[in-house]
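Welcome! Here is a short briefing to read alongside the sequence and the 3D view.

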Amino acid sequence: MSNDHKDHEEEYMEATKEEAKNRSPEEKQGIQEPRVTGYKPLQLGMIIFVILVLVIVGFGFGTDWFGIFD
């Protein structure tokens with residue numbers, strides 16, 4: 001490649017970078033990071049509920065609450 005072509009390529013890259021910086025979020029194209037806020041309150045409540053049920057059931061089997069083991 002000639003130096004003239006490389007100079008033109010570098011100039012184009014700089015212009016493209018500047019254009020991308022100045023573009024508003026609505027105009028950006030391509031894959032973007034999703035906005036993640038963590039678990040929703042309902043999901044968090046369900047997870048806590050399931051963990052508590054598993055702990056209570058495990059404790060129940062361990063102390064023979066259910067009368068399964070004579």
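A residue counts as buried under 20% relative accessible area, as exposed over 50% and as partly exposed in between, using a 1.4 Å probe and protein chains only. Because its relative accessibility is 59%, Glu11 counts as exposed. This is a predicted model, in which local features need pLDDT of at least 70 and side-chain atom pairs count only at pLDDT 80 or more, while totals for chains, interfaces and linings use all residues. Residues are numbered from 1 along each chain as its sequence is written, and side-chain values use heavy atoms, with hydrogens and water left out.

**Overall picture**

- The protein has two helices and zero strands; helices (H or I, at least four residues) and strands (E, at least two) are DSSP runs, numbered from the N terminus.
- Of its 70 residues, 1% count as buried.
- The accessible surface of the protein comes to about 7,200 Å², and 61% of it belongs to carbon and sulfur atoms; such areas come from the Shrake-Rupley method with a 1.4 Å probe, and for residues only the protein chains shown count as cover.

**Surface patches**

- Patches are made of residues with over 30% relative accessible area and no salt bridge, joining like charges within 9 Å and nonpolar side chains (Val, Leu, Ile, Met, Phe, Trp, Tyr) within 5 Å.
- A salt bridge here is a side-chain nitrogen of Lys or Arg within 4 Å of a carboxyl oxygen of Asp or Glu.
- A surface patch of negative charge gathers Asp7, Glu9, Glu10, Glu11 and Glu14; Asp and Glu count as negative, Lys and Arg as positive, and His and the chain ends are not counted.
- The place of a charge is taken as NZ of Lys, CZ of Arg, CG of Asp or CD of Glu.
- Glu11 from this patch is found in helix H1, residues 3–22.
- A nonpolar patch of about 1,200 Å² includes Phe49, Val50, Phe59, Phe61, Trp65 and Phe66 among its members.

**Aromatic pairs**

- Rings of Phe, Tyr and Trp (its six-membered ring) pair if their centres lie within 6.5 Å; planes under 30 degrees apart count as stacked, over 60 as edge-to-face and the rest as tilted.
- By this rule there are two aromatic pairs.
- Phe59 and Trp65 form an edge-to-face pair, 5.2 Å centre to centre with 80° between the planes.
- Phe61 and Phe66 also pair edge-to-face, at 5.3 Å centre to centre and 65° between the planes.
- Phe61 is partly exposed, with a relative accessible area of 40%, and Phe66 is partly exposed at 45%.

**After helix H2**

- Phe66 is found in the segment after H2.
- Asp64 also lies in the segment after helix H2 (41–62).
- Phi of Asp64 is near 60°, a positive value in a residue other than glycine.
- Because its relative accessibility is 33%, Asp64 counts as partly exposed.
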